Each structure stands twice: as C-alpha cells, then as structure tokens.
Amino acid sequence: MLEKILVTKREEIEQLILPEYVEVPQFSLYKALSNSNRSTGLIAEVKKASPSKGIICENFNPVEVAKGYEKGGADAISVLTDVTYFKGHRDYLSTIKKEIALPVMRKDFIIHKKQVDETRNMGADAMLLIVGTVPIKELKALYDYAYSLGLECLVEVHAKEELVELLSCFAPEIIGVNNRNLKTFETSLTQTEEMATLIPDGSLFVSESGIHTSADIERVKNVGAAGVLVGESLMRAESPEKGIHALFGGESVAASS
Ligand SMILES: O=P(O)(O)OC[C@@H](O)[C@@H](O)c1c[nH]c2ccccc12
C-alpha cells in the first residue's frame, strides 16, 4: 500500500502547482505539546476516510470538526491533505488554519522539497515525515529544509529498526511511533511500549493511531508518551468535544493562559 501511495505522490509532485502564500500566525507544535492542556498532549486529526477503514465520517465538515477540537481543548490539529487515499484536501488545511488558533500539522506523504514549499504556503505550522518513504539522508534534508522555513516536523517510525536507523542519522525534536502496521493495517499499542525506551530524552514522544479509550491513553502515558495523535475514534464520536472528553476520562482542561 505504501508503495502504491508513493507512486501517486511522485505523479502529483510532477504536476504540483504551489498555492500562493498568505501570511498567517504561526504556532509551535513542540511548545503546544510540551505545555499541554492535560497530562498527555493531544493532536486531534481531521480525517474523513482511510484506506483501511473507508469512509469514517459521512457528513464531513473539516472546519466544524477543527473548531470542535479547539473547543474540546486539543493542543494541536492534524489535517489529512491526501486526496486519493484519505479524501483530504490542502484547502481544508488552509481554511482551518484561518479559523483556529492552534498549531496545525499537515498529514501527507512528503517526499520532495516542492511539497515542503507547498506545506509552508498552505499556512501549516508543522508537517509529517515518514521514515522509510525516502532514504534517511534525504529525510534529514527535508527536515532541515522544513525547519529553515519555520515548519516543525513530526518524524514517524513504524518499527524498531526504523527508529534505530533514524537515530543513527539524527534525533528529531518530535518523534511519532505509529501503532499501525502499514502492511497489515492492524494497530497495536505494544508498538509504542516496545519502542519507548529507545526514544532519546531530548525528543518529544508521540504515540499515533489506534487510540480509542482512556485506558489506551493511560497505557501509552505510562511508558512516557508526551502526546497522542488520534483520528478515527474522535471522528466517530457524537461530537469532537464529547470524543475528547470520553478519551481523557473527564480529566479537566488546564486554564488557558
Ligand atoms: O485514526 P487513528 O487510528 O486514530 O490514527 C490517526 C493517525 O495516527 C493516522 O491517521 C496516521 C498516522 N500516520 C499516518 C500517515 C499517513 C496517513 C495517516 C496516518
């Protein structure tokens, strides 16, 4: 599946026309997660569909979902911008960015510098980089380029070997362990548990995917995750706010300063 997605991305990159940059206020994902509203930081994801689950949300209104996440006390928002496999759109991100005052991360398959420029022009604060999509040195070049433009990166790994390879090259500020096996699509929180001890002290550790209950949050928090990235379970909730409330077991939101 990942290979198929990357073929599509390479085609898209050839035809890519950059959106015009519109000045927007920037917010730091790193800071938002470090000073989280709760004991675990929350990146709430705006996600209409996925290859494994099909359509997750029928009446999809990206801006309303993001506003609900903000009201519910999310620390940051992730927006899927891939059209073909996740039914996202880059315009969703640009529109959301104008409506809320939280860091917004672009969730896509970024393998080329041109896409980093595109991300910046969309108005994103941060973007995802996935270990294994490009050779590690190229990933580092994309990471450095993104930071030179004022964009932060969440660097995602799926397996211990990928994490070891990543750390042999550099230690990103924010590391995400994806609990989803990209080959089988199954999620397992043991991924987070098994990789936790390998995350360097200086990096923020985010557990991604397959988080559905407050017990799941406890589990990843117990092994040191500073944040979680949650999509499906929040998108399926009665409302984004109720979803967040259920997930955190009613843990109160810190007064915003
Ligand atoms: O919907 P979930 O299981 O809560 O997962 C969210 C997020 O982690 C997932 O959408 C994701 C993680 N890494 C990705 C890379 C590409 C696309 C999507 C993803």
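Predicted model: local features only at pLDDT ≥ 70, side-chain atom pairs only at ≥ 80, totals over all residues.
Local features were taken at pLDDT of at least 70 and side-chain atom pairs at pLDDT 80 or more, whereas totals for chains, interfaces and linings use all residues. Residues are numbered from 1 along each chain as its sequence is written, and side-chain values use heavy atoms, with hydrogens and water left out.

Around the ligand stand 18 residues, of which E45, K47, E156, S209 and G231 come nearest; a residue belongs to this group if one of its heavy atoms lies within 4 Å of the ligand. An oxygen atom of the ligand lies 3.4 Å from a polar side-chain atom of R180, and a nitrogen atom of the ligand lies 3.4 Å from a polar side-chain atom of E208. A polar backbone atom of E232 is 2.8 Å from an oxygen atom of the ligand. The ligand taken alone exposes 450 Å², of which the protein buries 96% (Shrake-Rupley method, 1.4 Å probe).

S209 is located in the loop between strand 9 (204-208) and helix 9 (214-222); helices (H or I, at least four residues) and strands (E, at least two) are DSSP runs numbered from the N terminus. With a relative accessible area of 15%, S209 is buried (buried, under 20%; exposed, over 50%; partly exposed, in between; 1.4 Å probe, protein chains only). Beyond its neighbours within four places in sequence, S209 is in contact (heavy atoms within 4.5 Å) with N178, N179, R180, T187, L189 and L229.

In helix 7 (residues 160-169), the buried residues are E162, L163 and L166. Viewed down the helix axis, these buried residues fall within an arc of 100° and therefore line one face of helix 7; the arc is that of the directions from the axis to the C-beta atoms. The face turned away from the buried side carries the exposed residues E161, V164 and S168. Cover for the buried residues of helix 7 includes helix 6 (136-148), strand 7 (152-157), strand 8 (174-178) and helix 8 (190-195).

L166 is also among the residues with the most contacts inside the largest nonpolar core, which has 77 residues. Such a core is a set of buried Ala, Val, Leu, Ile, Met, Phe, Trp, Tyr and Cys residues joined through side-chain atoms within 4.5 Å.

K87 is partly exposed at 40% relative accessibility, and F185 is partly exposed at 27%.

Conventions:
Polar contact = N/O pair within 3.5 Å; in protein donor to acceptor, adjacent residues only side chain to side chain.
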